[in-house]
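This report goes through one protein model, starting with its aromatic rings and ending with its sheet. Please look at the sequence and the structure first.

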Amino acid sequence: MILIKDGRIAEDPWLSIADGVALPLWGPVIVSLARWRAERHELLARGGRIGVVLASHEPPVEIADDLAHFDLVALEFPKFTDGRAYSSARILRERLGFAGELRAMGNVLRDQLAFMRRCGFDAFEVPGDAPAGQWIGALAGISVRYQPATGFEPTAQELRRHRQPVDDTAA
């Protein structure tokens, strides 16, 4: 896997730990929601940064009370036709105020990266055999936006509104 974060290829310091596998003594770890629930106290006592993976059927409200403990939330795209992670990303950013890393994982498609970013994702796990430059270019592939989104990118209407000429002769 290649990690694209903040518009460029990044080293991934996180270690994804499967359920039932021993936790390392140190380093940032990503665990499933089930493991978080079962081993919450052990994970917190361990110290270090914690990330959690939400499967597409696990709504973000299930971690709302614990968001302060997470530096990363990974949302799974299990298949092309399952877009629940888009809604989960918006809920995490806009309603729950999550400011940490929001990672898209699973069936992440290049032509959806720009929309994923507009929903609040700032990191993407992409296939290791993918030409990274094309994936990064896809983030800037849409320059005109008509719907508001998470973040501060203006819509086309807002851009037109601020670029209208001012009539100095009307006084």
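The model contains 3 aromatic pairs, where rings of Phe, Tyr and Trp (its six-membered ring) pair if their centres lie within 6.5 Å, and planes under 30 degrees apart count as stacked, over 60 as edge-to-face and the rest as tilted. One of them joins Trp 36 and Phe 70: the ring centres are 4.8 Å apart and the planes stand at 65°, so this pair is edge-to-face. Because Trp 36 belongs to helix H1 and Phe 70 to the loop between E5 and E6, the pair ties together parts that are 34 residues apart in sequence. Phe 77 and Tyr 86 also make an edge-to-face pair, with centres 5.1 Å apart and planes at 70°. Phe 77, Tyr 86 and Phe 121 form one aromatic cluster.

The table gives the relative accessible area of four of these residues; buried means under 20%, exposed over 50%, and partly exposed in between (1.4 Å probe, protein chains only).

| Residue | Relative accessible area | Class |
|---|---|---|
| Trp 36 | 1% | buried |
| Phe 70 | 4% | buried |
| Phe 77 | 2% | buried |
| Tyr 86 | 14% | buried |

This is a predicted model: local features need pLDDT of at least 70, side-chain atom pairs count only at pLDDT 80 or more, and totals for chains, interfaces and linings use all residues. Residues are numbered from 1 along each chain as its sequence is written, and side-chain values use heavy atoms, with hydrogens and water left out.

Next comes the sheet. Helices (H or I, at least four residues) and strands (E, at least two) are DSSP runs, numbered from the N terminus, and two strands pair if DSSP finds at least two bridges between them. The sheet is open, has 8 strands in the order E2-E1-E8-E7-E6-E5-E4-E3, and its pairing is mixed. Strands E2 (8–10) and E3 (15–16) stand at the edges with a single partner strand each, so one side of each has no neighbour in the sheet. E1 (residues 2–5) pairs with E2 in the antiparallel sense over 3 bridges. Lys 5 has Arg 8 in E2 as its bridge partner.

Ser 32 lies in strand E4. Leaving aside neighbours within four places in sequence, Ser 32 is in contact (heavy atoms within 4.5 Å) with Asp 19, Val 52 and Val 53. The C-alpha atoms of Ser 32 and Val 53 are separated by 4.9 Å, although these residues are 21 residues apart along the chain.
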